Amino acid sequence: MPDRGLAVALGAQEHYRDATLYDYEYRRRRDDVAFYVGLADRLVGPGGRVLELGCGTGRITVPLARAGFHVTAVDAEPSMLAGLAARLDRQPRSLAARVTPVRGDLRDLALGRRFPLVIAGFNVLEHLYTRVEVDACLARVRAHLAPDGAFAFDVQLPDPGWLSRDPTKRWSRTRFTHPVTGVPTWYTTNHDYDPVSQIAIIRLYYQPVAGGPEDVVLLSQRKYFPAELEALIAHGGLRMIERYGDFVGGPLGPGSESQVLVCRRAIGRVARTSRR
């Protein structure tokens with residue numbers, strides 16, 4: 001494996017380079033889609049505008065557009081935006097016209113427009129690996145929020161048992177037919193977790209059942225504990241107005257897999273200025 005710094009950088013990209021495999025792996029993930037569409041219905045209203053950060057191949061984007069919202073869909077990875085374009089090509093033209101794809105970085109995005117709802121679904125913020133990066137992203141969120149707008153996102157709730165797993169063992173052994181090659185394939189995974197940086201470097205292994213070279217894909221994720229996340233939000237000039245432990249409104253607790261937050265601008269927030 002490359003040195004840890006390089007592995008973190010590679011882990012921000014490698015998992016997203018094969019859009020077809022990515023779509024296959026997450027094809028059954030639906031609860032978050034229903035949550036974000038429902039949130040837009042509740043907070044934005046028919047035909048309103050939504051800014052989606054880390055849109056991927058449009059798993060959430062397209063249902064939002066289908067529900068009538070105009071979505072500006074941002075992602076840094078060309079392969080993900082190509083996957084989004086392919087998904088839009090399969091939709092009616094009227095739906096595709098409601099989606100504006102943008103290649104951009106969460107840390108320095110500048111669209112010159114404000115939105116009543118900004119979302120970052122499916123652990124997107126776990127690719128912000130330092131407090132400085134989190135703060136930069138939240139500053140960009142504030143810059144794109146309408147005065148009464150909301151920012152909604154989800155990240156995983158760290159599981160101490162998972163974090164402390166033996167990194168030399170393989171987990172989650174699953175057999176599937178690879179959607180690109182058509183080859184029967186074994187999937188396994190393991191990871192290393194650094195408790196200081198709070199970054200997990202996950203290795204995804206794809207091994208042909210009949211033998212042959214094994215493909216190893218890196219995925220790096222920053223883990224956020226609940227009190228820490230609340231403090232980061234406050235430091236970023238936002239206030240948490242809703243928090244759930246799932247996508248159907250359940251409370252955050254020990255059995256939760258996700259932290260789902262809805263935030264607005266902090267009351268009485270004075271914009272900070274940079275001093276150089």
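How many residues does helix α3 have, and what should the helix span at 1.5 Å a residue? The legends below begin with that helix. This is a predicted model, in which local features need pLDDT of at least 70 and side-chain atom pairs count only at pLDDT 80 or more, while totals for chains, interfaces and linings use all residues. Residues are numbered from 1 along each chain as its sequence is written, and side-chain values use heavy atoms, with hydrogens and water left out.

View 1. Helix α3 covers residues 31-43, and its 13 residues should span 18 Å at 1.5 Å a residue, which agrees with the 18 Å between its end C-alpha atoms. The expected span is 1.5 Å times one less than the number of residues, and helices (H or I, at least four residues) and strands (E, at least two) are DSSP runs, numbered from the N terminus. An α-helix has 3.6 residues a turn, so residues three or four places apart point the same way. After the helix comes G45, which has a positive phi, near 95 degrees.

**View 2. Residue D32 in helix α3.** D32, a residue of helix α3, is buried, with a relative accessible area of 0%. Leaving aside residues up to four places away in sequence, D32 touches R59, I60, F122 and F247.

View 3. A pair of aromatic rings is described by the distance of the centres and the angle of the planes. Rings of Phe, Tyr and Trp (its six-membered ring) pair if their centres lie within 6.5 Å, and planes under 30 degrees apart count as stacked, over 60 as edge-to-face and the rest as tilted. By this rule the count comes to 10 aromatic pairs. One of them joins F35 and Y36 in an edge-to-face pair, 5.1 Å centre to centre and with 80 degrees between the planes. F35 counts as buried because its relative accessibility is 10%, and Y36 counts as buried because its relative accessibility is 0%. F35 also forms an edge-to-face pair with Y244, at 6.3 Å centre to centre and 75 degrees between the planes. Since F35 lies in helix α3 and Y244 in strand β10, the pair ties together parts that are 209 residues apart in sequence. Both F35 and Y244 are buried. Elsewhere, ring pairs link Y16, Y22, Y26 and F122 into a cluster.

**View 4. The second largest pocket.** On a 1 Å grid over the protein atoms alone, a pocket is an open set of points with protein on both sides within 12 Å along at least five of seven lines, a cavity is a set of points where a 1.4 Å probe fits but cannot get out, and lining residues have an atom within 4 Å of a point. Grid points are joined across faces, edges and corners, and a volume is the space filled by probe spheres set on the points. The second largest pocket has a volume of about 220 Å³. Its lining has 15 residues, of which Y26, R27, R30, R59 and R87 lie nearest the centre. Helices α2 (19-25) and α4 (61-66) each supply at least two lining residues, and the largest share, three residues, comes from α4. By class, this lining has five nonpolar, three polar and seven charged residues, where Ala, Val, Leu, Ile, Met, Phe, Trp, Tyr, Cys and Pro count as nonpolar, Asp, Glu, Lys and Arg as charged, and the others, Gly among them, as polar.

**View 5. The two cavities.** A search of the whole structure finds two cavities of 30 Å³ or more. The largest cavity holds about 40 Å³ of space, and its lining consists of L51, L53, L106, L109, V118, C137, R140, V141 and H144. Helix α7 gives the largest share of that lining, four residues. The second largest cavity holds about 30 Å³ and is lined by L125, V134, L138, F153, Y224, L229, L232 and I233. This second lining divides into eight nonpolar, no polar and no charged residues.

Technical notes
Buried means under 20% relative accessible area, exposed over 50%, partly exposed in between (1.4 Å probe, protein chains only). Contact means heavy atoms within 4.5 Å.
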